[in-house]
Amino acid sequence: MKKRIGAYPRVRVEGGGRSVVSQAGGVLLVETARKTGLDQALSVALAPWRKPRAVHDPGKVLLDVALAVALGGDCLADVGVLRAEPAVFGPVASDPTVSRLLDTLAAAGPKALTAIRTARSEVRNRVWRLAKQAAPDASGQVIVDIDGVLVLAHSDKQDAAATWKKTYGHHPLMAFVDHGRPGSGEPVAGLLRPGNAGSNTAADHIEATQLALAQLPKSYRRGRQTLIRTDSGGGTHEFVAWLAQRGRWLSYSVGMTITDAIHTAVLAVPASAWTPAVEPDGEVRDGAWVAEIGGDCLKGWPQGMRLIVRKERPHPGAQLRLTDADGLRLTCFATNTSDAPIAELELRHRQRARAEDRIRAARATGLTNLPLHDAAQNRIWLEIVQLALELLAWLSMLALTGTARRWEPRRLRLRLFAAAAQLITTSRRRYLRFARHWPWTQIITAAFKRLDALPNPD
C-alpha cells in the first residue's frame with residue numbers, strides 16, 4: 001500500500017533566499033502615492049515638524065504608516081513590513097522614530113490635523129482631474145455619505161465609553177464620497193468622538209459636513225454640486241436648518257424618524273397618490289411604494305423641505321414596528337431636491353446603504369480598533385486610516401478597471417498586494433518580476449503601466 005503524505009505537496013523550508021520581495025504588489029500603492037503627489041504634499045505640510053538634521057522626513061514617515069495600514073496593518077509597529085523591503089519602500093524609520101513623530105503631531109493638536117487635511121484636499125483635487133472627475137455621479141453631482149462607526153476598545157483608553165449598543169469604545173463620525181456601483185468610495189472626514197456620543201448630535205454632523213466640504217474641489221461647493229446624505233441620525237431640526245441655509249449650493253437627503261404626525265399623514269394618503277418604487281435598472285419594485293406628504297409634518301422645518309415616505313411589504317419573518325402601518329414597513333427621508341420624480345429621489349436615498357460598504361472597508365483598514373491611548377494620538381491615527389483608504393480608492397480610480405475596480409481592501413491584499421516578485425537589477429534599473437502563474441499578475445502589470453503613463457506631479 002502506498003503511504004499517504006496528505007492532500008498537499010510536501011516541501012522543505014529554509015532561510016537564506018535572495019532577490020525575492022514580499023508584498024511586492026504594494027508597489028502599486030507606492031506608485032499611486034508618487035503619481036498623485038501625496039508624498040510631496042505630506043512632506044511640505046509636515047515640514048514645520050521636521051527637526052534640524054533629521055534623517056527621516058515626517059511626511060514620508062506618516063505615509064509609510066498609511067501604506068502599512070493599506071497593506072493590512074493595524075498598529076504603528078506594522079510599518080516593519082515596509083522596513084523589510086527597502087527596494088520597494090525605500091528607507092523606513094524605526095519604531096521609536098515613528099512613535100515620537102506621532103506624539104509630536106498629537107501634541108500639535110488642530111494645527112497638525114489641519115496640515116494633513118490640507119495636503120489630502122490638494123491631492124484629491126489632482127486625483128479627480130487625473131481620473132477625469134470619476135467621483136461625481138452621472139449628473140455631475142458629488143454625493144457625500146455621513147455615518148457613525150462604533151470602534152471597540154479592549155482597554156481603558158481616553159474618551160472610551162459605553163456605547164448605545166452596550167459595548168465599550170469610541171463612536172467616530174465618518175464621511176465618504178460615494179463613487180457609485182462601478183467604484184468604491186473615498187473618505188473625506190473623520191471626527192473622533194467618545195463612545196457615548198449621540199447618533200443624532202447636530203453639532204457633530206455639522207462639523208463632519210464642514211470637514212467633508214473642505215476636502216472637495218471648490219467647483220463642487222456651489223450650485224448644488226454636492227449632496228449630503230445621512231440616515232435618521234442626521235434628521236434633526238438643527239442640522240437640516242444648517243443645510244437649508246446653504247440650500248443654493250448644497251443639496252441634502254436626510255433620513256427622518258417616523259413621528260406620530262408622519263404616521264397620521266401616511267394613513268391619510270389616498271391610494272392613488274402612491275407611486276411604485278424603482279430599482280437602479282429602472283424596473284418597478286414589486287411590493288414597495290413612495291409618496292410625498294406635507295401639512296403639519298412640515299411645521300417647524302425649513303422652507304423648501306420635502307418629506308417622502310416609502311412603504312413596503314416586510315420580508316418573511318420580519319417584525320413590524322409600532323411606527324409601521326397596515327402591515328407595511330415605513331421609512332421616511334427629507335430632501336430639498338425639487339426637480340426629480342419622488343421615485344428617483346427615494347432610490348437615490350436608498351443607495352445610502354453603500355455607506356455600510358465603506359465602513360466595512362474602513363474596519364478592514366485600521367479602524368477595527370484605535371491602537372493608541374490618548375485621544376489626540378488616535379485623532380492622528382484616524383487621519384492615517386483615511387490616508388490608507390484614499391490610497392486604495394485612488395489606485396482603483398486611476399489604475400484598475402472592470403470588476404477589479406470594485407474590489408474591497410481584503411481582496412486587493414489577497415490578490416494583488418500579497419503577490420511576491422523577483423527583484424532584478426540590470427543596466428542600473430531595477431525590475432520586479434511577478435510570477436507568470438499568478439492569476440492576477442496581468443492585473444498588477446497593467447495597473448502599473450496605467451500609473452506609469454500618468455504625468456508626474458509638478
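## A pair of valines

Val278 sits opposite Val284 in β11. Three bridges tie β10 to strand β11 (residues 284–293), and the two run antiparallel. A word on terms: strands (E, at least two residues) and helices (H or I, at least four) are DSSP runs, numbered from the N terminus, and two strands count as paired if DSSP finds at least two bridges between them.

This is a predicted model, where local features need pLDDT of at least 70, side-chain atom pairs count only at pLDDT 80 or more, and totals for chains, interfaces and linings use all residues. Residues are numbered from 1 along each chain as its sequence is written, and side-chain values use heavy atoms, with hydrogens and water left out.

## The nine-stranded sheet

Nine strands make up an open sheet with mixed pairing, in the order β7-β6-β2-β8-β9-β13-β12-β11-β10. At its edges are β7 (185–191) and β10 (275–278), each pairing on one side only. On average, neighbouring strands here are turned by 25 degrees against each other, direction ignored.

## Helices across it

Helix α12 (residues 354–363) lies across β2 (142–148), β6 (173–178) and β7, at about 115 degrees to β6. Helix α13 (residues 375–399) lies across β6 and β7, running at about 170 degrees to β7. Contact means heavy atoms within 4.5 Å; axes are lines fitted to C-alpha atoms, for helices over the stretch in contact, with angles from 0 to 180 degrees between N-to-C directions.

## The three-stranded sheet

There's also an open, antiparallel sheet ordered β1-β14-β15. Its edge strands β1 (20–21) and β15 (429–434) each have a single partner strand, so one side of each is left without a neighbour in the sheet. Two bridges join β1 to strand β14 (residues 421–426), with Val21 opposite Ala421 in β14.
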